[in-house]
Structures are given as C-alpha cells and as structure tokens.
Amino acid sequence: METVIAVLVGVLMASSVYLMLRRNLVRFVLGLALISHTANLLIFSSGGLQARFPPLITPGELVPGPDVANALPQALMLTAIVISFSVFAFLLVLAFRTYQRLETVDPDSMRSAEPMAAGAGVDGSVSGGPQ
Amino acid sequence: MNTLILRETTRVLFTLILVFSVATLLRGHDAPGGGFVGGLIASIACSLYVFVADPKDVRRLVRTDPLKTAAAGLSLAVLSGLIGILSGGGTFLSGQWVEIGGVKLGTPLLFDFGVYLVVVGAVLTFVLEIKEPAPEPPARGDK
Amino acid sequence: MSWLLAAAIVLPLACGILGLLLRPHRAMQQAVSLVAGIAHLGIATSLLVTVWREGILVVQVGGWPAPFGITLVADHLSAAMVLITSVMGAATIVYALCDIDERALVKDFHPPLQALIGAVCGAFLTGDIFNLYVWFEVMLIASLALLISGGRKAQLDGAVRYAALSLVATTLFLSGIGLLYGMTGTLNMADLHLRVQQVENQGLLSVVAILFIVAFGIKAAVFPLFFWLPASYHTPKVAVSAIFAGLLTKVGVYSMIRVFTLIFTHDVGYTHGILLWTAGLTMVTGVLGAASHNELRRILSFHIISQIGYMVLGLALFTPLALVGAVFYILHHIIVKANLFFVAGAAERLSGSSDLKTLGGVYREQPLLAALFFVPAFSLAGFPPLSGFWAKLLVIKASVESQQYWIAAVALAVGLLTMYSMTKIWVNGIWKARPASAEKPPPLSRANRALLLGPIICLAAMTLAIGLWPGPLYDLAERAGHEVMDPSNYVEAVLGRSETAALGAGAGVGE
C-alpha cells in the first residue's frame with residue numbers, strides 16, 4: 001500500500017510541477033492547489049497506512065480502545081487543508097483581479113513591477129544606458 | 001449561469017442548506033460535524049445565492065460587511081478561549097461547561113460558532129469580490 | 001510571567017480583529033493600532049528583561065505537557081527577535097500615519113499589519129514545527145493583503161510573484177514536516193532534537209534537511225531562490241515595504257538558524273557546506289543586482305538579498321562566534337534596512353522622485369534627511385563606528401577563525417561593493433543638484449513631516465547607539481548565539497529534566 005501511495009505522491013507532484021511551469025496564471029493556481037494536496041497525502045502516509053479504527057472514544061469509556069489509528073496526521077492534514085483552502089481562495093481572487101487589470105494571464109508578459117527598458121537584459125533595466 | 005431552473009431551485013435549496021448547516025454545527029458537539037464543516041455548508045448556500053442574484057441584493061440580505069462577520073467570529077473564538085482563563089485556574093482554550101435543562105452547553109460550542117461565522121464571512125468576501133465589478137484604482141501613481 | 005509569551009502573540013492578533021470590526025472609522029483604527037503597538041513594545045521589553053534575568057521561559061498551551069501539546073518558548077534569540085519586531089511595528093505604525101492617509105487605504109492597512117506582527121511573533125516564539133508552518137501561512141496571508149492594498153498594476157504583478165514562490169515554499173516546508181514526523185513521530189522541536197539522533201536512515205534525514213533549506217531559502221531570499229523579492233518589495237506603499245524589508249526575510253533566516261542548530265546537525269559538513277556556498281553566492285548576486293539598478297527601493301531590495309548572505313554565512317560556519325555574529329547581524333540589519341526604506345519614502349515624498357536620474361537636491365533642500373540617510377546607509381556598508389561595522393567584523397572574524405579565507409574575502413569584497421552602491425545613491429540622489437526637469441512636490445505640513453521623520457530619527461539613533469556602545473547588544477547576541485549552539489538548556493527547559501535524561505540515554509523509548 002505504501003508503494004502505491006508513494007507512486008501516487010510522485011505522479012501528483014510531477015503533474016503539479018508541470019502545471020506550475022506553464023505560462024498561464026490559471027494553470028499555475030491549479031498546480032498550486034494540486035501540490036498542496038500532494039503534501040497532504042504525504043503527511044497522511046507518513047502516519048503509517050494500516051486498517052484501523054477511527055480514533056474516537058466509545059460512550060462510557062475513558063480511553064480509546066486498542067488498534068485505533070494515529071489521529072495526529074489527520075489533525076495536521078485538516079489544518080493544512082483549511083489553510084490551503086483559504087490561500088487558494090485568496091489566490092483565485094488575486095489571479096482574477098490581475099487578469100482584469102493587466103489583461104493577460106501570461107506571467108512573462110506581466111512587466112508592470114519590473115518594466116523592460118530598451119536594450120535591457122533579462123532583468124529589465126540598464127544602469128546609465130540611454131532610455 | 002443565471003437560468004430559470006437554477007434560480008427557482010436556489011430559492012428552495014438556500015433555506016434547506018442553511019438549516020442543514022446549523023444542524024451540522026450543533027451535531028459537532030458530540031459527533032462528527034462542527035463549526036468548520038457547518039460554515040462551509042452555509043457558504044455553499046450563500047455562493048448559490050450570489051450566483052443567481054445581484055451582488056447588491058446579497059449585501060442587502062446579509063446586512064453586515066462579510067469581513068466584519070468574519071471578524072466577529074474570530075472575536076467569539078478568542079472570547080471562548082478567554083473564558084477558560086477567567087473562570088478559575090484554567091489556561092487559554094480550556095473548556096468550561098454549564099448544564100441547562102439536561103443540555104450541556106460549553107465554550108467549545110461558542111468556539112465552533114465563531115469558526116462558523118469566520119468561514120461564512122471569508123467565503124462570502126471572496127465570492128462577492130469575484131462577482132462585483134473591479135473597484136476603480138486610485139488615479140495617482142499608476143503609469 | 002509566562003503570560004507575556006501568549007500576550008506577545010494574542011495582543012496584536014486581537015487588535016487586528018478589533019481593527020476589522022472598526023472599519024471604516026479611520027481615526028479609531030489608527031488609534032487602536034497605535035495603542036497596540038506601544039503596548040506590544042512594553043510586553044516585548046519585559047519579555048526580554050525576564051528572559052535575561054531568569055533564563056528560558058516556556059508555556060505549554062492548554063496545559064498539555066511538552067511533546068504532545070503546542071509549546072511556546074522564549075529563549076534569548078526569540079525574545080530579542082520579538083522585541084525588534086515590536087520596535088519595527090511601532091515605527092511602521094507611526095510612519096504610516098502620514099504615509100498611508102487615504103481613507104480607502106487606511107482601512108485595509110492596520111488590521112493586516114497587526115496580524116502580521118502577531119504572526120511573526122508567533123513564528124519566533126513557537127516551539128512546535130507544525131505551529132511554525134501555521135504562523136508562516138498567517139504571515140503570508142497578512143502580507144499579501146498588505147501587498148495588494150491599493151490595487152495598482154505593479155502591485156498585483158508583484159503580488160502574483162510573491163504569492164507563487166511563497167506558496168511553493170510553504171508546501172515544501174509542509175512536505176518536510178510530514179517526512180520528519182514519519183521518521184520521528186514528534187513535532188516538538190526540543191523533542192525532535194533528541195529523536196533525530198536515534199533515526200537510523202541518516203540519508204533520508206539529509207534529504208529532509210535539503211527540503212527545509214529550499215523552503216526557508218525561498219522565505220529568506222537566498223541565492224537561486226530570491227527572484228520574488230526584487231519583483232515585489234518596491235511596489236506597495238513605503239510603510240509596507242519597510243516592514244517587509246525589515247522582518248519577513250529575517251523570519252526565514254531565524255527559522256533556518258532554529259532548525260539547523262536544533263534538528264539537522266547530524267551531517268554538518270554536508271548541510272552547512274551547502275549553506276556556506278549559498279551564503280557566498282547570495283552576497284555576490286545581491287550586491288551586483290543592486291549596482292545595476294537606479295530606482296531607490298529596487299536598489300535597497302537587492303541589498304536585502306546580499307545582506308541575507310552574511311546572516312546565512314554566520315549559520316553556515318557553525319561556530320559559537322559565527323552564530324553570535326549572525327544574531328548580531330540580524331538585529332542590526334532589521335533596524336538599518338527598514339530605516340533605509342523609510343528614508344527612501346521620505347525622500348520621495350519631500351523631493352518628488354525615487355529614481356536616481358530625476359532625484360536630486362536633497363542635501364541642499366533637506367539637510368536633515370540627508371544626514372539621516374547617511375547613518376543607515378553607511379552602517380549597511382559597514383563603516384566604522386556604525387553598527388554594521390561590528391556585525392561584519394564578527395562574521396568575518398568567525399570565518400577567518402574557521403579558516404574559510406575565501407568566504408572572508410568574498411564578504412569583504414561585497415562590503416566594498418555595498419559601499420560603492422551607497423555612494424552612488426549619495427552622489428546621484430542626495431548630493432547632486434535637482435535636475436531642471438524635475439518638479440518639486442507640494443511641501444508637507446509640520447505635523448506630517450514630524451510623523452515621517454520621527455521614526456527615522458529614532459531608528460538612526462539606535463544604529464548610532466549600537467555603533468558607539470556595541471557592548472550590550474554584543475552581550476545579548478553572545479548569550480543567544482551560545483544558547484542556540486548548545487541546545488541542551490533549550491531542550492531541558494521544554495521537556496523537563498527527567499524526560500530529557502531518559503530520552504538522552506536512548507533507553508526505553510516506547511511508542
């Protein structure tokens with residue numbers, strides 16, 4: 001089972017990196033959403049994959065019974081999911097607004113923050129050169 | 001997006017989903033459920049409403065600024081933690097309980113309700129932000 | 001006194017919430033923020049004094065004992081960082097009273113600023129590595145809200161780059177935490193210190209260490225991972241730039257210091273060797289980038305990168321003196337760098353430009369501002385007797401003592417180039433006459449001038465004071481540096497004596 005999950009994590013990671021490398025902001029955002037799920041799956045499998053009971057205490061008992069699953073990775077995942085949910089929502093709005101204002105989703109043609117000067121190198125400006 | 005079917009279904013679903021979200025919130029007391037899930041379900045209802053209605057109508061319906069709703073939820077959550085400190089020796093976020101007519105009420109419920117408000121407020125802020133036209137940027141400083 | 005730890009985090013967060021509830025009352029929001037900033041300064045000062053007198057302070061949140069619950073820890077390093085954070089917060093709030101005065105911007109400024117201060121303090125004080133991740137994310141959302149407030153094109157463009165790389169960083173951080181948890185079964189950093197020594201697969205530990213280097217490296221803007229910083233830091237309002245420049249990258253450096261002294265010390269030659277190369281390349285690329293630019297804030301952004309190199313160098317050398325140097329460097333750098341951004345903003349407000357080509361006449365028209373620029377600029381370059389001289393001296397002395405002569409040479413050369421860059425600003429921006437084409441902006445009122453220059457004067461005075469009397473700060477850095485080099489006190493304070501002894505012996509570690 002661990003092997004299957006490990007391969008799945010690898011495939012998901014590769015897909016999200018592929019998405020993030022596209023020159024399209026929307027795909028980039030989707031890639032980020034995918035990569036955060038990959039990290040969650042990684043945490044999930046790091047807690048050990050075994051068929052066990054949910055970590056709940058049955059009524060009338062004071063401690064959970066034997067063979068309950070480790071609750072901590074699940075709690076960590078839940079926290080991470082909540083955080084990535086809010087960040088993803090924020091990022092979607094940011095991408096949408098950026099598209100509205102800059103009228104492009106290609107990161108390479110967004111040059112408002114680092115304007116390309118005439119005859120400049122990769123970085124976008126020349127020191128002392130003609131403007 | 002704004003079809004007749006969606007509009008009429010939303011009319012019915014909106015209330016149903018809201019009731020369900022409150023049930024989930026309260027169920028979280030002893031069983032799976034709780035503020036975050038309840039809040040998400042409620043924000044589905046609100047998002048549906050935003051899809052079919054004018055954003056202005058939605059703002060009129062919820063009455064307060066969604067961001068303020070989220071802030072109020074956050075302060076409720078903090079307050080529920082402070083009660084733990086103030087009432088006798090506990091530390092931040094330790095639970096305090098009262099029993100009214102056989103029903104146990106405690107600070108965790110207050111905390112959950114706070115989380116519920118935060119989720120609804122935050123999601124509504126984002127959804128309205130997308131639906132509403134972009135605000136005019138300030139004139140100065142933009143080349 | 002342990003409530004001080006929680007208060008340092010909860011107070012700014014609570015005031016941020018209050019600020020949201022007070023929207024859109026501009027004056028009330030500003031008042032709440034100002035009171036919160038001053039109160040936080042008081043809390044942070046007494047926290048540092050308490051730690052100085054009584055040693056490491058520990059709080060177990062919710063009463064859960066150490067390896068199970070979340071622990072807040074204030075050692076000398078954390079307490080000093082919290083104090084410097086709150087100094088920066090207060091200075092930014094005062095500066096912003098004039099810098100950010102449009103009604104539309106004020107309502108979106110103070111709540112996220114307070115959240116940012118709370119999150120940064122949380123990151124400094126937490127003793128739990130997953131909790132550190134949570135504070136990173138809170139910090140990220142708060143800083144994004146500050147970055148896009150105003151919604152100009154350049155801001156959105158910068159914010160996309162900033163958000164993209166930061167999110168990749170936090171995801172890598174999260175993956176690293178997952179793998180680390182899988183190997184050790186704990187998240188408490190003090191507990192991790194003991195458990196990693198029992199991990200059999202040391203190779204996998206090195207892989208996780210690299211994940212952490214990349215994650216914190218993006219946050220700290222080290223050599224191949226810094227591109228988001230010069231793309232975004234010059235775009236928002238000056239007050240926002242200044243607090244970003246002062247604090248955010250330093251949280252990355254702090255986390256690096258914490259993790260690479262407490263957890264990943266199994267193969268110092270390998271991990272810290274990578275850090276050493278990174279440090280050298282970061283210093284050089286940063287200063288070269290700065291030399292090639294003409295816009296004030298973009299030059300200063302590149303200088304952040306090159307200075308980060310010195311701090312990472314202190315960690316990479318991994319000797320007590322080097323870490324003392326790194327801590328001293330961080331504390332000096334935060335003050336100086338934020339102040340330089342404040343000065344750049346004031347120059348823009350008072351003379352109407354931030355481009356060296358069109359800026360000019362500052363020395364003639366604003367002699368006070370020119371003098372105030374001189375102090376942080378030449379402190380950054382390492383002029384004696386300013387604070388940067390002592391910081392550079394410590395780091396370079398440490399590299400000579402560890403016989404890493406090449407890195408000492410690089411550090412010295414980068415210092416010279418920094419001086420060149422600062423002289424360029426001085427000659428072109430401050431000294432030369434105002435170009436004929438440049439328009440003079442309307443003069444500021446006396447009160448606004450005081451609000452702009454007040455924080456600059458205070459921070460410049462601190463730089464001068466550290467330069468002339470480096471003793472007290474050196475003592476603090478010495479304690480902090482020795483404490484992180486020898487984590488046994490830290491571990492003992494968090495876990496308690498008996499627990500440490502049992503685990504340290506490596507016997508009877510049952511799950």
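This is a predicted model: local features need pLDDT of at least 70, side-chain atom pairs count only at pLDDT 80 or more; totals for chains, interfaces and linings use all residues.

Q: Let me begin with chain A. How many helices and strands does chain A have?

A: Chain A has three helices and zero strands. Read from the N terminus, its elements follow the order α-α-α. Of its 131 residues, 36% count as buried.

Q: Which residues of α2(B) are buried?

A: Start with the general idea: an α-helix has 3.6 residues a turn, so residues three or four places apart point the same way. In α2(B), the buried residues include B:Gly35, B:Gly38, B:Gly39, B:Ile41, B:Ala42 and B:Ala45. Further along the helix, B:Cys46, B:Leu48, B:Val50 and B:Val52 are among the buried ones too.

Q: What do the buried residues of α2(B) pack against?

A: They pack against three other helices of chain B: α1 (4-27), α3 (55-62) and α5 (107-131).

Q: Next, the place where two chains meet. How much area is buried between chain A and chain C?

A: About 3300 Å² is buried there, and carbon and sulfur atoms give 72% of it. On the side of chain A that touches chain C, α2 (25-46) and α3 (71-102) each supply at least two residues. The most comes from α3(A), with 15 residues. By type, this side of chain A divides into 23 nonpolar, 13 polar and five charged residues.

Q: How many salt bridges and polar contacts are counted between chain A and chain C?

A: Between these two chains there are zero salt bridges. One residue pair is in polar contact. The contact takes 41 residues from each side, chain A and chain C.

Q: How many salt bridges are there over all chains?

A: The general idea is that side chains of opposite charge can pair when their charged atoms come close. Over all chains, the count comes to 12 salt bridges. One of them joins A:Asp106 and A:Arg23, at 3.0 Å from N to O. A:Asp106 lies in the segment after α3 of chain A and A:Arg23 in the loop between α1 (2-21) and α2, so the pair ties together parts 83 residues apart in sequence.

Q: Where do C:Arg258 and C:Asp75 lie?

A: These two form a salt bridge, with their closest N and O atoms 2.9 Å apart. C:Arg258 lies in helix α11 (residues 238-262) of chain C, and C:Asp75 in the loop between β2 (71-74) and α3 (76-99), so the pair ties together parts that are 183 residues apart in sequence. C:Arg258 is buried, with a relative accessible area of 4%, and C:Asp75 is buried at 1%.

Q: Which residues do salt bridges that share partners join into one network?

A: They are B:Asp65, C:Arg23, C:Lys107 and C:Asp108.

Methods
Residues are numbered from 1 along each chain as its sequence is written. Chains are lettered from A and ligands numbered from 1 in the order in which they are written. Side-chain values use heavy atoms; hydrogens and water are left out. Buried means under 20% relative accessible area, exposed over 50%, partly exposed in between (1.4 Å probe, protein chains only). Helices (H or I, at least four residues) and strands (E, at least two) are DSSP runs, numbered from the N terminus. Contact means heavy atoms within 4.5 Å. Buried area is the accessible area (1.4 Å probe) that two parts lose on being put together, summed over both. A salt bridge is a side-chain nitrogen of Lys or Arg within 4 Å of a carboxyl oxygen of Asp or Glu. A polar contact is a pair of N or O atoms within 3.5 Å; within protein, one must be able to donate a hydrogen and the other to accept it, and residues adjacent in sequence count only if both atoms are side-chain atoms. Ala, Val, Leu, Ile, Met, Phe, Trp, Tyr, Cys and Pro count as nonpolar, Asp, Glu, Lys and Arg as charged, and the others, Gly among them, as polar.
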